[in-house]
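Biologist: I am new to this structure and would like to learn how to read it. Could we take it feature by feature?

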2 protein chains.
Amino acid sequence: MAQRQGKYTILLPTEPVIIGSAAVGTKKESEGPLGSELSFVFSDETAGESSWERSESTLHKEAITRAVADAKLTQGDIDALFAGDLLNQCTGTTFGVRDLNIPICGMYGACSTMALTLATAAIMTDCGAVRKSVASTSSHFCSAEKQFRMPLEYGGQRSPTAQWTASASGAAVVSADGDGPYISAAIIGRITDYGIKDANNMGAAMAPAACNTICDFLNDTGTIPSDYDMILTGDLGAVGAELLCELTVKEHNIDISTVHADCGLMLYDRKTQDVHAGGSGCGCSAAVICSYIMKRLRKGTLKKVLFVGTGALMSAVSSLQGESIPSVAHGVLLCGR
Amino acid sequence: MAQRQGKYTILLPTEPVIIGSAAVGTKKESEGPLGSELSFVFSDETAGESSWERSESTLHKEAITRAVADAKLTQGDIDALFAGDLLNQCTGTTFGVRDLNIPICGMYGACSTMALTLATAAIMTDCGAVRKSVASTSSHFCSAEKQFRMPLEYGGQRSPTAQWTASASGAAVVSADGDGPYISAAIIGRITDYGIKDANNMGAAMAPAACNTICDFLNDTGTIPSDYDMILTGDLGAVGAELLCELTVKEHNIDISTVHADCGLMLYDRKTQDVHAGGSGCGCSAAVICSYIMKRLRKGTLKKVLFVGTGALMSAVSSLQGESIPSVAHGVLLCGR
């Protein structure tokens, strides 16, 4: 039975376990620092499909299928999928999973979605609504560029603050029992909008949301940054990560810089891979969490990781209409044994 | 603490209460059979805004604000919003609620979203993760036509099987305690895809999903249609409703026709309002549930309503790519005292 602590934090006393996980990517992701951590790599961005949207769905299905196998389960054992992605109407997810015959709870939090699906899966497991479920997300560079910015064929220049949407997917199997890393708390974020309108600088738009959620969690739980091995944001990139560390000091007098890391700065090598401010897309943090982080939580080399996914909640239409970018950040506390 | 019954159904023994609700619409909705049941009516589809997307956000915010007031609460009392809509990246929701400073769990289930948000809010209330929350959705005829079909200015003909997206929003406040109608069970649906490709005949695409979820629920709970005052689908329209009643008999030998009703056939008068096969859009079932149904559950003239929201999970892109329409249906059992 979940318990609330402070104004925003939800404690999960049964500590739902992540009994399996998988992360998939394409050639570009395999060439980054975490390439060897991925469960499977597609040789190119098409993943053998005839449209970028289908390619993304194929990545998503592959991650879920591999995570279920990693947990030594079959699809019939899974009570629910908690899943979403960046594509209009979340079709990256729905077309990927439509043949799996598993109940699906569709979620949207832009690049914060992996934290949101993990949080929801963990809460619903804690309370007995589901016994075994999968939290997953995907993104794809080519489908995202086409939808949010320009078709690749246009050959537009990317600005230095822009981030590179990962062509990747991650999935985690959450269970009421079993061995493995566990989720001991969750926090659902509020929308923050500081009036940033540049859709090529989403790190700056999302940093204030990350700041709020991290500081809310620390305040609610009476903890300080050094209580964590890592406070890991999903996908602020270089611009947003720097802003976040400044903001937490300025607005809350909390310095997270010594334990802060960002999934967008981990998946690619910015010096050699031409990703500008870093990686992004829900698949970025999903892939980092479901490979590198999960392996270290399993080994015990990481014990406490506060993972805070960050999402920029604009659409191509809202940006063209001159709207600013509302942002959100959701969090889960991931623990190793 | 939630309990699973059968393969798909989630029982909620604490019976989370709906302590307030509100439904808003525009002039067209006010001229339908349920016009007098709405909490507030905007005099035209613009709702005083300069874009259709902003109009939808304004409807959504109005519904939430009025539902919270109906529950005699203020925004600060609400632990979370469970909300979503049909617009790309769910901006109908996020831009509507961005000033409310309430944690938001974004959800996507196309026109099934009101059932999905009610189910999630109820489960999370049952387990103590939230104490008071809001489940809400919105849709808007003009923003939906622009996004999914053609801009209104094009003046395209609508086919006889097409449904009319409601310009409406509904919100319900779900609470761990208090008086009012309550939610005693929920079911998360599986994706069903019978290969229907006509995006102007979504009733036919969604009927098989509704059939699965309704029959799963009846099988899991060992109940029959006559145990319910109403089995209410959200938005199959005339074509889909007829197909559903045929399908449940043909595939499961269950006849629901005597207790079946459909929100898409309740919100408008098809004879006089030119809505072709009926209403649709997440705002349609949200408005019907949060006005007409909720008032009768409060009075006790309805005691047991199995509400099954139905969603067609395509995007404009997937339809243009020749894909069929995956569909889903989620359900909640709404009870009057």
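Biologist: Let us start with strand pairing. Which residue in strand 7 of chain B does A80(B) stand opposite?

Modeller: One point before the answer: this is a predicted model. To read pairing, follow the bridges from strand to strand. Here A80(B) stands opposite S133(B). Strand 7 of chain B covers residues 132-139, and six bridges join strand 5 of chain B to it. These two strands run parallel.

Biologist: In which sense does strand 5 of chain B pair with strand 6 of chain B, and over how many bridges?

Modeller: The sense is parallel, over three bridges. Strand 6 of chain B spans residues 104-106. Look for A83(B), which faces G106(B) there.

Biologist: Through which helix does the chain cross from strand 5 of chain B to strand 6 of chain B?

Modeller: Trace the path and note its hand. The chain passes through helix 3 of chain B, residues 91-97. This β-α-β crossover is right-handed.

Biologist: Now burial. How many residues of strand 5 of chain B are buried?

Modeller: A residue counts as buried if 20 or more other C-beta atoms lie within 10 Å of its own. In strand 5 of chain B, residues 80-85, six of the six residues are buried. A80(B), F82(B) and G84(B) point one way. L81(B), A83(B) and D85(B) point the other way, and all of these residues are buried.

Biologist: Next, the contact between the chains. How many residues does each chain give?

Modeller: Count each side separately. Chain B gives 50 residues and chain A gives 50 residues. On the chain B side, the elements giving two or more residues include strand 5, strand 6 and helix 3. Helix 4 of chain B gives the most, with five residues. By type, the chain B side has 28 nonpolar, 16 polar and six charged residues.

Biologist: And within one chain? Into which domains is chain A divided?

Modeller: Domain 1 of chain A is 13-175, and domain 2 of chain A is 182-335. Their C-alpha centres lie 18 Å apart. The contact takes 53 residues from domain 1 and 52 residues from domain 2.

Biologist: Which element supplies the largest share of the domain 1 side of that contact in chain A?

Modeller: Helix 4 of chain A does, with eight residues. Other elements supply at least two residues each, among them strand 3 (17-26) and helix 5 (141-148) of chain A. The domain 1 side divides into 27 nonpolar, 19 polar and seven charged residues.

Notes. Residues are numbered from 1 along each chain as its sequence is written. Chains are lettered from A and ligands numbered from 1 in the order in which they are written. This is a predicted model: local features need pLDDT of at least 70, side-chain atom pairs count only at pLDDT 80 or more; totals for chains, interfaces and linings use all residues. A residue is buried if 20 or more other C-beta atoms lie within 10 Å of its own, exposed if 12 or fewer, and partly exposed in between; C-beta atoms are placed from the backbone. Helices (H or I, at least four residues) and strands (E, at least two) are DSSP runs, numbered from the N terminus. Two strands pair if DSSP finds at least two bridges between them. A crossover is right-handed if, with the strands pointing away from the viewer, the path from the first strand over the helix to the second runs clockwise. Domain bounds come from an automatic or database domain assignment. Two residues are in contact if their C-beta atoms, placed from the backbone, lie within 7 Å. Ala, Val, Leu, Ile, Met, Phe, Trp, Tyr, Cys and Pro count as nonpolar, Asp, Glu, Lys and Arg as charged, and the others, Gly among them, as polar.
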